[in-house]
Amino acid sequence: MVGLNCLEPNQRQSIHAHDGADKFYFVLAGQGSFTVGEEERNVDAGAVVIAPAGVPHGVVNSGAERLRSWSPSLRASNERNHQKLTANASQRSIFRPQS
């Protein structure tokens, strides 16, 4: 499943989890405070946030403009690939690509 999430300033997507599916947020515009498990970070356009299957996650628009993210949920089709994605998730669950 793929969605385009749009949150107005201070609007939130409540903490929730997806069993059997990894969730990705590709932040297209705006700023948000993302929570994945016990970790919370503020990110802006260009960031990628990964919430492994079963890990609680959510977001609050912490900026002054609309937060837009392209957000696919991908079923863990292969246990080996799922284990690679979730290995050390607490260290890699939220990141911003280096330029």
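Student: What pattern does the protein follow, read along the sequence?
Tutor: In this predicted model, the order along the sequence is β-β-β-β-β-β-β-β-α-α-β, and the secondary structure comes to 2 helices and 9 strands.

Student: Which residues in β8 are the bridge partners of Leu7 and Ala21?
Tutor: Leu7 has Leu67 as its bridge partner in β8, while Ala21 is partnered by Arg75 of β8.

Student: Switching to the inside, which residues make up the largest nonpolar core?
Tutor: That core has 11 residues, and both Leu7 and Leu67 belong to it, together with Tyr25, Val27, Phe34, Val36, Val43, Ala47, Val49, Ala51 and Val59. At least two of the core residues are supplied by each of β3 (21–29), β4 (31–36) and β6 (48–51).

Student: Take Val27 then, what does that one touch?
Tutor: Leaving aside residues up to four places away in sequence, Val27 touches Phe34, then Val43, Asp44, Ala45, Gly46 and Ala47, and finally Leu67, Arg68 and Ser69.

Student: And Leu28, is that buried or partly exposed?
Tutor: Leu28, which is found in strand β3, counts as partly exposed because its relative accessibility is 46%, whereas buried would mean under 20%. Leu28 also forms a nonpolar patch on the surface with Val2, Leu4 and Trp70, and together these residues have about 400 Å² of accessible area.

Student: What does Gly63 touch, and how far is Glu8 from Gly63 in space?
Tutor: Not counting residues up to four places away in sequence, Gly63 touches Pro9 and Gln31. The C-alpha atoms of Gly63 and Glu8 are 8.6 Å apart, although the two residues are 55 residues apart in sequence.

Student: Zooming out, what share of contacts joins residues at least 24 apart?
Tutor: Among contacts between residues at least 6 apart in sequence, 73% join residues at least 24 apart.

Terms used
Residues are numbered from 1 along each chain as its sequence is written. This is a predicted model: local features need pLDDT of at least 70, side-chain atom pairs count only at pLDDT 80 or more; totals for chains, interfaces and linings use all residues. Side-chain values use heavy atoms; hydrogens and water are left out. A nonpolar core is a set of buried Ala, Val, Leu, Ile, Met, Phe, Trp, Tyr and Cys residues joined through side-chain atoms within 4.5 Å. Buried means under 20% relative accessible area, exposed over 50%, partly exposed in between (1.4 Å probe, protein chains only). Helices (H or I, at least four residues) and strands (E, at least two) are DSSP runs, numbered from the N terminus. Contact means heavy atoms within 4.5 Å. Patches are made of residues with over 30% relative accessible area and no salt bridge: like charges are joined within 9 Å, nonpolar side chains (Val, Leu, Ile, Met, Phe, Trp, Tyr) within 5 Å. Accessible areas come from the Shrake-Rupley method with a 1.4 Å probe; for residues, only the protein chains shown count as cover. A salt bridge is a side-chain nitrogen of Lys or Arg within 4 Å of a carboxyl oxygen of Asp or Glu. Two strands pair if DSSP finds at least two bridges between them.
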